[in-house]
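User: Hi! Could you walk me through this structure in plain words?
Analyst: Happy to, let's have a look together.
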Amino acid sequence: MSKVLVCGDAMADIYWRGNVTRISPEAPVTIVSVSEKERRDGAAANVANNIEALGVPCERIFGGGERIQKIRLLAKRQHVVRIDFDHPQTPIRADAGFEDSLSRCEILVLVDYAKGSLAHVQELISKAREMKRQVFVDPRGHDFDRYRGATLLKPNREEMKELVGGWASQDELDFKARQFLLASGIESILLTQAAEGMTLYTRQDTLHVKAEPLEVVDVSGAGEAALAGYTAAIAKGYKPAEAVRYANKAAAIAVSRFGTAVATKEEVFCE
């Protein structure tokens, strides 16, 4: 079994739960009396936690600086408001520490939320490919050339539009995806499409997988679970066409639970 190194933007997903008691006398807004607080790991930290829960050993390097926080205020499971504390993260460099960690791992996972940790992402990818490592990326932004050389990109539908432009049909999307792979120096794309399932594009093949028939409770963290499921499957020795099915299953489990959730190896890899 391969070991995985996860790098990128780590966050804290914080949940404040309570009940609406009355309307504020100060402004026309509700007052929520908070009775419970919970903290969960998000973003790159959630990906790493999921990979480990799926039975694959994992190392972590996150950007430095004050931790980013996403606070969600909930009243009887209804999302009232989200409060974000964004703090620029110190970039990860391909230094001796990074190289040492990567020397113990066969797969590098880069989780980019455009908070600064992966400002030097091309440097990290180049070092990983020099060391013959696979590189899986959860991308952000408009400049996808910065991920050149990656083994796999995992965009959602909105990010896919940034990659290839719009499309009028599935056939057009499939064609544009293959053209992007041929021109970009990237080997494959795992496109997550929520209720429409996932599509794995390689330079030779296209594989569509329907979404698992589970009730959707909360979509937050679905992409992170998908990336973790795919990574864990590859680390366990599955082929990409098999790994995408485990990615799909991990994402379905994540959206069937409230908040940032972790799927286990017993749930995902049970046959």
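Analyst: One definition to start with: buried means under 20% relative accessible area, exposed over 50%, and partly exposed in between (1.4 Å probe, protein chains only). This is a predicted model, where local features need pLDDT of at least 70, side-chain atom pairs count only at pLDDT 80 or more, and totals for chains, interfaces and linings use all residues. Residues are numbered from 1 along each chain as its sequence is written, and side-chain values use heavy atoms, leaving out hydrogens and water.

User: How far is Thr90 from Ala43?
Analyst: Their C-alpha atoms are separated by 16 Å, and the two residues are 47 apart along the chain.

User: Let's move on to helix 2. Which of its residues are buried?
Analyst: Helix 2 covers residues 96–103, and Phe98, Ser101 and Leu102 are buried there. Seen down the helix axis, they fall within an arc of 95°, so they line one face of helix 2. That arc is taken from the directions from the helix axis to the C-beta atoms.

User: Why would residues a few places apart point the same way?
Analyst: An α-helix has 3.6 residues a turn, so residues three or four places apart point the same way.

User: What covers the buried residues of helix 2?
Analyst: The cover includes strand 1 (4–8), strand 4 (58–62), strand 7 (107–111) and helix 3 (121–130).

User: What happens at the start of helix 2?
Analyst: A side-chain oxygen of Asp95 comes to within 3.2 Å of the backbone nitrogen of Gly97. For a polar contact, we ask for a pair of N or O atoms within 3.5 Å; within protein, one must be able to donate a hydrogen and the other to accept it, and residues adjacent in sequence count only if both atoms are side-chain atoms.

User: Now helix 4. Which residues are buried there?
Analyst: In helix 4 (residues 157–164), they are Glu159, Met160, Leu163 and Val164. These cover an arc of only 120° around the axis, which puts them on the same side of helix 4.

User: What do the buried residues of helix 4 pack against?
Analyst: They pack against strand 8 (134–138), strand 9 (152–153), helix 5 (170–184), strand 10 (188–192) and strand 11 (198–202).

User: And what about the two ends of helix 4?
Analyst: At the start, a side-chain oxygen of Asn156 reaches to within 3.2 Å of the backbone nitrogen of Glu158. After helix 4 comes Gly165, whose phi is positive, near 85°.

User: Switching topic: how many salt bridges are there?
Analyst: A search of the whole structure finds 26. A salt bridge is a side-chain nitrogen of Lys or Arg within 4 Å of a carboxyl oxygen of Asp or Glu.

User: Which residues are linked in a network of salt bridges?
Analyst: Lys70, Arg82, Asp84, Asp86 and Lys115. Within that group, Arg82 and Asp84 form a salt bridge with their closest N and O atoms 2.8 Å apart. Arg82 counts as partly exposed at 42% relative accessibility, and Asp84 counts as partly exposed at 34%.

User: Last one: where is Val81 found?
Analyst: Val81 is in strand 6, and at 35% relative accessibility Val81 counts as partly exposed. Leaving aside neighbours within four places in sequence, Val81 is in contact with Ile71, Arg72 and Leu73. The C-alpha atoms of Val81 and Ile71 are separated by 8.3 Å, with the residues ten apart along the chain.

Terms used. Helix = DSSP H or I, 4+ residues; strand = E, 2+ residues; numbered from the N terminus. Contact = heavy atoms within 4.5 Å.
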